[in-house]
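Have the viewer open as you read.

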Amino acid sequence: MVDRRLYQHLVSRFGQWPPRQPVQVVASARRTRPGWDGRLHPAIALAAPAGTVVSVPPEHLATVRRLAGRLGDGPAGAREQLDGLLAALPAAIGHPDCGQNRGTFRWTLTPAPLEPAGQWCPPAAAGLPSWLRWYGEDVLVVRDDDGRYLAGAGIKRHDAYGAEIAVGTVEAARGRGLARRLVAEAARRALDEGLVPTYVHDPGDAAAARVGDAAGMAERGWRLYTLVPE
């Protein structure tokens, strides 16, 4: 059973949820508009144990569905069908220069009860790294006694139902548990605002996976694929 907020977020962001077949291609007008960061994300896909939804611009729906159908014929399984479709998607939707980001997709309704960390401040505050300046609202920041940045978390509001948390720690401050505390604190804030908090990281990043586990963001075998124009 998927939580109502998560369900609404996935429907809003991808165009449909849950998938009704192993690899289901759906249309969403959101693929034609800039995302939270002002960039176009012309195709995204969410793979779960029950199946995958591939979200594309409405004008390319028929083309991509035919492509998925051809790839699904024969002995190839759902994983091979999805891999083939993702490889062919950039050209199929008119963005042959797209790069592909793959991430482990997590969420929680019960963040770990870790001690709060950091202070909320504007993303334009002095001394913050450039990646935090992408955010359009306050970010959660830990500084040392001299006011120097140690770690921070930002919230990406994809829609009215879901918020993705991103976190970063300077190398000298790693190993202190700051990232997990920031993620848990940001997740509590998102939940207080009626949003389901999500967390995405590179599948090969063991440190990010440990942060997710410790913050209460369980690994459920979900993967997010995003095409981003270079």
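Which residue in β7 is the bridge partner of V141? The bridge partner is G152.

## About the model

This is a predicted model, in which local features need pLDDT of at least 70, side-chain atom pairs count only at pLDDT 80 or more, and totals for chains, interfaces and linings use all residues. Residues are numbered from 1 along each chain as its sequence is written, and side-chain values use heavy atoms, with hydrogens and water left out.

## The sheet

Ten strands build an open sheet with mixed pairing, in the order β1-β3-β2-β10-β4-β9-β8-β7-β6-β5. Strands here are DSSP runs of E with at least two residues, helices are runs of H or I with at least four, and both are numbered from the N terminus. Two strands pair if DSSP finds at least two bridges between them. Because β1 (23-27) and β5 (119-121) are edge strands with a single partner each, one side of each is left without a neighbour in the sheet. From one strand to the next, the twist averages 30 degrees; angles run from 0 to 180 degrees between N-to-C directions, and axes are lines fitted to C-alpha atoms, for helices over the stretch in contact.

β4 (residues 98-107) and β10 (residues 223-229) run antiparallel and are joined by seven bridges, one of which pairs G99 with V228 in β10. Helix α1 (residues 4-14) packs on the sheet, touching β1, β2 (43-48), β3 (51-56), β4, β8, β9 (196-201) and β10. The direction of α1 makes about 145 degrees with that of β2. Contact means heavy atoms within 4.5 Å.

## Around β6

Moving to β6, we find that four of its five residues are buried, where buried means under 20% relative accessible area, exposed over 50%, and partly exposed in between (1.4 Å probe, protein chains only). Three bridges connect β6 to β5 in antiparallel fashion, and Q119 has V141 of β6 as its bridge partner. Four bridges connect β6 to β7, also running antiparallel. β6 and β7 form a hairpin with five residues between them, and G147 in the turn has a positive phi of about 85 degrees.

## The nonpolar cores

A nonpolar core is a set of buried Ala, Val, Leu, Ile, Met, Phe, Trp, Tyr and Cys residues joined through side-chain atoms within 4.5 Å. The largest has 24 residues, of which V142, I165, L178, L182, V183, Y199 and M217 touch the most other members. At least two residues each come from β6 (139-143), β7 (149-157), β8 (162-169), α4 (178-192) and α5 (206-215), with α4 giving the most, eight residues.

M217 sits in the loop between α5 and β10 and is buried, with a relative accessible area of 0%. Not counting residues up to four places away in sequence, the contacts of M217 include W107, I165, V183 and Y199. M217 and T108 are 109 residues apart in sequence, yet 5.2 Å apart in space, C-alpha to C-alpha.

## Helices α2 and α3

The axes of α2 (residues 61-72) and α3 (residues 78-92) come within 10 Å and cross at roughly 150 degrees. The contact is made by T63, V64, L67, A68, L71 and G72 of α2, together with Q81, G84, L85, A88, L89 and A92 of α3.
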